[in-house]
Amino acid sequence: MTISTAAGVFDAVAAGPADGRPVLLLHGFPQTGLAWRRQIAALAAEGYRVVAPDQRGYSPGVRPERPEDYRIGLLVEDVVAITEELGWPAFDLVGHDWGGAVAWWTASAHPGRVRTLTVVSTPHPGALAEALRSDEDQRARSRYMIDWRETPATEDRMLADDAGLLRTLFAGKVPRDSADAYVRHLSRPGALTAALNWYRSGRPDGTIRPIEVPTLYVWSTGDSAFGPAPAKDTGRWVEGPYRFEILPDLSHWIPEEAPETLNRLLLGHLRAHGSRNHHAPRTVETDGSD
């Protein structure tokens, strides 16, 4: 489907009954909304109305050229505009990688609209900022972001030799057909630059607040981008009911590497918080086996 907003037209994948409880899924780099296909199928089968848009820059109809047009505030505005166009006054929000960062900021800015929050891999931005100041391990993991701000050198390197470098980012954990689809998508003129502009947009234009809505955070011990310090510190930034799930030995690409595990956790979280009248414990930490 397509979703028209003031910023432009977003491409999206949708499934489930039109009157189902609405869930918005936000992908990260270097993927598209199809990264969620296993979650889309599972949620739709349970009667949820699921929409997974290709975010700003990934949708050709919303692809501004300037890096500053990818600031986090504008990405949050996109979420609001998309859900307003869909007629969703409240919705459950799920994000991975950069989509996770957008999800954290959206839940902070619009707690009255976000029914529940689920973030995969990406720690709370406040926890990540603190780790970048104080944790050498996280600083080392994040150095690639500095390198990727170079343009057009980064695009040239990533797309050379049949996008060999771009493909290596998936570390063999993403199905080959999906990786091929992402490479084809980002090989089109201007697409990879737009995706990399998320990294080139500069610092956030504002301060993120603690999260008030029921939150599930799923992190894996094999994540190359986000280490244990910000992952374990994320709970300090959530004031609402909070569940922290640690998945041993999985990579950064949880939605596609371990879809059944993530689907079970996500559906459990949604069922536990079907309304705002919840009485869940604030914090539960597990290893993903229960």
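The structure, a predicted model, holds 13 aromatic pairs, where rings of Phe, Tyr and Trp (its six-membered ring) pair if their centres lie within 6.5 Å, and where planes under 30 degrees apart count as stacked, over 60 as edge-to-face and the rest as tilted. Two of these pairs are set out below.

| Pair | Centre to centre | Angle between planes | Class |
|---|---|---|---|
| Trp 88 and Phe 91 | 6.4 Å | 40° | tilted |
| Trp 104 and Tyr 217 | 6.2 Å | 65° | edge-to-face |

Trp 104 lies in helix α3 (residues 98-109) and Tyr 217 in strand β7 (residues 215-220), so this pair ties together parts that are 113 residues apart in sequence; helices (H or I, at least four residues) and strands (E, at least two) are DSSP runs, numbered from the N terminus. Trp 104 is buried at 0% relative accessibility, and Tyr 217 is likewise buried at 0%, buried meaning under 20% relative accessible area (1.4 Å probe, protein chains only).

One aromatic cluster is formed by Phe 29, Tyr 58, Trp 98, Tyr 144, Trp 148, Trp 198 and Tyr 199.

Helix α12 (residues 259-272) has 14 residues and spans 20 Å from its first C-alpha to its last, close to the expected 20 Å, which is 1.5 Å times one less than the number of residues. Its buried residues include Pro 259, Leu 262, Asn 263 and Leu 266.

Residues are numbered from 1 along each chain as its sequence is written. Local features need pLDDT of at least 70 and side-chain atom pairs count only at pLDDT 80 or more, while totals for chains, interfaces and linings use all residues, and side-chain values use heavy atoms, with hydrogens and water left out.

Technical notes: Buried < 20%, exposed > 50% of the residue type's maximum accessible area, 1.4 Å probe, protein only.
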